[in-house]
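This report walks through charged pairs, ring contacts and a pocket. Please keep the model open while reading.

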Amino acid sequence: MTGLDQYFESPAEQREALLGIGLILPAVLLIGAVILYPIGYNVYLSFTTVPLNPDRAPTWVGLENYVGLLSSTRFWSAFSTTLVFTVGSTVLSTVAGLVVAILFNREFRGRRLARGLVLLPHVTPIIAVAFVWQFMLSPLWGAIPNMLAEWGLYSNSTGLLAQSSTALPMVIVFSAWRNFPFAFLLIVARLQAIPESMYEAARIDGAGPLAQFKDITLPELRGTITIVVLLRFIWEFNAFAQVWLLTRQVLTLPIFAYQTAFANFEQGTGAAISLLLFLVQAMFVVGFVTLFGEDKI
């Protein structure tokens with residue numbers, strides 16, 4: 001009896017199983033080559049010191065890179081900045097998407113055109129919108145600093161993107177503005193699936209708009225909002241382009257890993273930062289699913 005005979009009753013079933021294996025094998029090999037191998041190699045590099053000479057092999061140093069990172073104030077500063085940026089942009093983009101979705105979940109003239117315009121921040125190339133925001137935030141000719149200066153909220157002697165205390169809030173607002181259409185799409189699709197009869201029954205019972213939102217809309221949107229928050233947290237924690245293109249005054253973990261590996265040529269330490277970044281996200285996903293329940297994700 002061969003290895004397959006104990007699982008299949010007839011030769012035809014064995015041939016079908018072999019055919020299925022043959023069909024999925026190229027995809028498995030491709031995934032292994034494109035995803036699994038780089039991840040495994042990154043894990044290996046995180047335990048080594050990579051010499052600048054490409055002819056020399058990496059030197060195994062064990063946990064030295066991780067010990068150095070965990071005792072580095074620069075790493076923990078980048079971690080806290082990443083956490084603030086991620087939470088802030090995730091909350092803002094989700095709330096903005098929810099508000100816009102509720103506003104657009106009603107009939108009005110030009111609604112289709114307006115929905116298309118709402119998607120522009122998300123589909124416009126990131127480098128284009130980053131340069132536009134840099135122009136708007138410029139202390140010399142930017143509209144936003146001039147407006148804040150007229151209100152007495154800002155002195156235009158220093159740019160909003162030139163110091164970390166103001167650059168981080170600007171990056172959070174920029175990221176939320178760019179990514180709220182993603183939340184808008186998911187939420188508005190779920191809103192349209194809520195039966196109108198539920199709102200009609202609530203109005204008959206005397207429920208006002210606020211009560212309808214609290215007792216009908218929010219419970220129906222809980223699963224969608226949970227998914228949006230989970231996905232946005234993962235993506236924002238890995239965000240690089242929107243921060244790097246807008247300002248160099250905000251140091252997040254992805255930027256820290258990039259500077260360490262490719263500017264300081266410490267590729268082993270950069271790989272260790274990337275692996276710690278992955279582990280933090282994995283713990284968040286596990287905790288998030290455990291907290292809210294797998295059936296709601």
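A salt bridge is a side-chain nitrogen of Lys or Arg within 4 Å of a carboxyl oxygen of Asp or Glu. A search of the whole structure finds four of them. The model is predicted: local features need pLDDT of at least 70, side-chain atom pairs count only at pLDDT 80 or more, and totals for chains, interfaces and linings use all residues. Residues are numbered from 1 along each chain as its sequence is written, and side-chain values use heavy atoms, with hydrogens and water left out.

**Salt bridges**

The table includes these pairs.

| Glu-220 | Arg-190 | 2.6 Å |

Helices (H or I, at least four residues) and strands (E, at least two) are DSSP runs, numbered from the N terminus. Glu-220 lies in helix H10 and Arg-190 in helix H8, so this bridge ties together parts 30 residues apart in sequence. Glu-236 and Arg-232 both belong to helix H10, four residues apart, about one turn of the helix.

Glu-220 is partly exposed at 25%, and Arg-190 is partly exposed at 24%. Lys-214 counts as exposed, at 52%.

**Aromatic rings**

Rings of Phe, Tyr and Trp (its six-membered ring) pair if their centres lie within 6.5 Å; planes under 30 degrees apart count as stacked, over 60 as edge-to-face and the rest as tilted. The structure holds 20 such pairs. Phe-104 and Phe-108 have ring centres 5.7 Å apart and planes at 85 degrees, so they sit edge-to-face. Phe-104 and Phe-184 are also edge-to-face, with centres 5.7 Å apart and planes at 80 degrees. Phe-104 lies in helix H3 (residues 73-104) and Phe-184 in helix H8, so the pair ties together parts 80 residues apart in sequence. How accessible is Phe-184? At 1%, Phe-184 counts as buried. Phe-104 is buried too, at 14%, while Phe-108 is partly exposed at 33%.

Elsewhere, Tyr-37, Tyr-41, Tyr-44, Phe-47, Trp-60 and Tyr-66 form one aromatic cluster.

**The largest pocket**

A pocket is an open set of points on a 1 Å grid over the protein atoms alone, where a 1.4 Å probe fits, with protein on both sides within 12 Å along at least five of seven lines; lining residues have an atom within 4 Å of a point. The largest pocket is lined by 13 residues. Ile-102, Asn-105, Arg-106, Tyr-199 and Thr-217 lie nearest its centre. Helix H10 gives the most to this lining, with four residues.

Definitions and conventions
Buried < 20%, exposed > 50% of the residue type's maximum accessible area, 1.4 Å probe, protein only.
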